[in-house]
Amino acid sequence: MITYSTYTNSNGDTVIQGVREDGSNIFIPTDPANSDYQAYLATLAANSAPQG
Amino acid sequence: MSRAQLTSTVEQSNGGAVPPVVGGKNFIANGGMDIFQRSTSVTIPNTTAGYYAPDRFFFYSNGGSTTLSRVTGTAGITYATQVATTTGNTQINIENRLEYQQAQLLMGKTVTFSFYVNAATTSGVSIAVGDYYPSALDNWGSVTFAQKGTISAAQLSAGNWVRQSVTFTADTNTTGLGFYLTITGLGANTLQITGWQVEIGNVATPFSRAGATLQGELALCQRYYWAVATGTVQPILNMAAQTTTSAEGIIQYPVTMRTTPSLAVSNTAGSFALKVAGGAPQFPTFTIDIWNNNCASMVATLATSTTVGAGGIAYTTSLSASTFVAFSSEL
């Protein structure tokens with residue numbers, strides 16, 4: 001389970017910061033080929049899906 | 001088997017016109033398990049698949065407690081991975097993923113997937129062998145498995161290494177290709193594995209590294225993952241203070257990575273420090289500013305003040321063996 005937030009870097013790009021259960025951090029680029037970004041998008045999609 | 005294939009196999013086995021070690025013949029990066037950047041001994045979480053021990057190998061365990069460790073290999077291959085399972089284990093998956101650009105060369109071709117395996121106990125053990133592929137281009141969030149063969153308990157030898165192979169037609173798609181073993185019937189057991197090789201053709205030729213050499217294999221692995229620092233008192237990069245409590249520096253990866261990587265970093269107060277003239281202000285973690293697939297601008301927020309413009313070396317302190325910094329562009 002990763003808790004996500006975002007911030008803007010000095011170039012104006014969005015950086016996704018994830019905090020893992022063990023407290024460690026993961027910083028994810030908004031690069032469609034990055035698998036952590038793919039997982040982030042999948043999590044967003046799952047969370048926004050209508051609940052049955 | 002055609003005359004050409006027979007000749008090729010004999011020549012490879014005997015070191016004839018075709019040398020037995022041919023870089024690039026094997027499509028499995030780190031098939032000989034030379035590289036363990038993450039850990040050489042780790043207990044993996046139940047039903048949470050991931051990269052845990054040998055580079056490029058993806059593991060899944062269902063039931064009981066499973067430990068992966070680096071052990072002695074066989075047949076001139078220095079290392080193997082030992083999978084130690086406990087009562088209740090119903091399945092182990094070991095997988096290796098190729099990105100689409102590399103996998104295209106295999107698609108629709110006759111390929112032979114070979115590996116060395118050593119099970120402490122063979123009774124009831126079965127190994128499904130096959131390829132698998134993602135639902136979208138190099139996006140392995142959803143995958144389809146295609147079993148191509150089975151290694152039965154009768155083909156194993158308790159406590160001894162055996163080499164097994166399965167020949168099949170690799171699946172064709174536009175997304176990528178991986179190769180897997182699904183091992184069932186282990187329960188409480190110990191299984192060692194190494195020498196993964198996937199090659200074009202219908203015979204298993206002698207094992208060779210995808211990257212030809214140790215350095216080539218390491219570079220292949222670092223295209224996907226780079227462990228910058230693990231444990232205590234490890235140098236990381238040079239930084240300079242931009243403010244009294246913030247320092248920034250550029251870190252260059254050893255090879256260009258597959259894509260812009262993620263930065264994974266531990267977060268514990270006092271586990272990192274910046275060695276500058278007159279002191280070593282500590283910080284708990286790094287953040288990242290601008291980065292691409294060649295280098296990254298890393299930022300440290302210091303717990304105590306330093307002089308603006310002061311330059312120094314960022315390193316892991318002696319606080320915790322669990323401190324780590326790594327970049328990942330894994331599939």
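**Entry 1: ground rules**

I number residues from 1 along each chain as its sequence is written, with chains lettered from A and ligands numbered from 1 in the order in which they are written. As this is a predicted model, local features need pLDDT of at least 70, side-chain atom pairs count only at pLDDT 80 or more, and totals for chains, interfaces and linings use all residues; side-chain values use heavy atoms, with hydrogens and water left out.

**Entry 2: the two chains**

I began with chain B and found 3 helices and 22 strands. Helices (H or I, at least four residues) and strands (E, at least two) are DSSP runs, numbered from the N terminus. The C-alpha atoms of chain B fill a box of roughly 75 × 45 × 35 Å along the principal axes. Of its 331 residues, 54% are buried. Buried means under 20% relative accessible area, exposed means over 50%, and partly exposed is in between, using a 1.4 Å probe and protein chains only.

Next I looked up contacts, meaning heavy atoms within 4.5 Å. In chain B, 74% of the contacts with a separation of 6 or more are between residues 24 or more positions apart.

Chain A has 1 helix and 3 strands, and I read their order from the N terminus as β-β-β-α. Its C-alpha atoms fill a box of roughly 40 × 25 × 20 Å, again along the principal axes. Buried residues are 33% of the 52 residues in chain A. Among chain A contacts between residues at least 6 apart in sequence, 11% join residues at least 24 apart.

**Entry 3: the cores of chain B**

Which residues have the most contacts inside the largest nonpolar core? I found B:Phe115, B:Ile127 and B:Trp196, in a core of 41 residues. A nonpolar core is a set of buried Ala, Val, Leu, Ile, Met, Phe, Trp, Tyr and Cys residues joined through side-chain atoms within 4.5 Å. Elements of chain B that give two or more residues to this core include β3 (57-62), β6 (91-98), α2 (100-103) and β7 (110-119). β7(B) gives the most, with 5 residues.

Leaving aside neighbours within four places in sequence, its contacts include B:Phe115, B:Val117, B:Ile151, B:Leu156 and B:Leu181. There is also a second, separate core of 29 residues, which includes B:Tyr253, B:Ala296, B:Met298 and B:Leu302.

**Entry 4: where B meets A**

I found 24 residues of chain B in contact with 19 residues of chain A. Together the chains bury about 1,500 Å², 45% of it on carbon and sulfur atoms. Buried area is the accessible area (1.4 Å probe) that two parts lose on being put together, summed over both. B:Ser262, B:Asp289 and B:Trp291 supply 26% of the area that chain B buries against chain A, more than any other three residues.

How many salt bridges are there between chain B and chain A? The count is 0, where a salt bridge is a side-chain nitrogen of Lys or Arg within 4 Å of a carboxyl oxygen of Asp or Glu. I did find 14 residue pairs in polar contact across this interface, both residues at pLDDT 80 or more. A polar contact is a pair of N or O atoms within 3.5 Å; within protein, one must be able to donate a hydrogen and the other to accept it, and residues adjacent in sequence count only if both atoms are side-chain atoms.

On the side of chain B that touches chain A, the largest share, 6 residues, comes from β19(B).

**Entry 5: a few single residues**

B:Asp138 has phi near 50°, a positive value in a residue other than glycine. B:Asp138 sits in the loop between β8 and β9 of chain B and counts as buried because its relative accessibility is 13%.

B:Ala212 also has a positive phi, near 70°, and lies in the loop between β12 and α3 (214-222) of chain B. Is B:Ala212 buried or partly exposed? At 33% relative accessibility, B:Ala212 counts as partly exposed.

Last, I looked at B:Phe327 in strand β22 of chain B. B:Phe327 is buried, with a relative accessible area of 0%.
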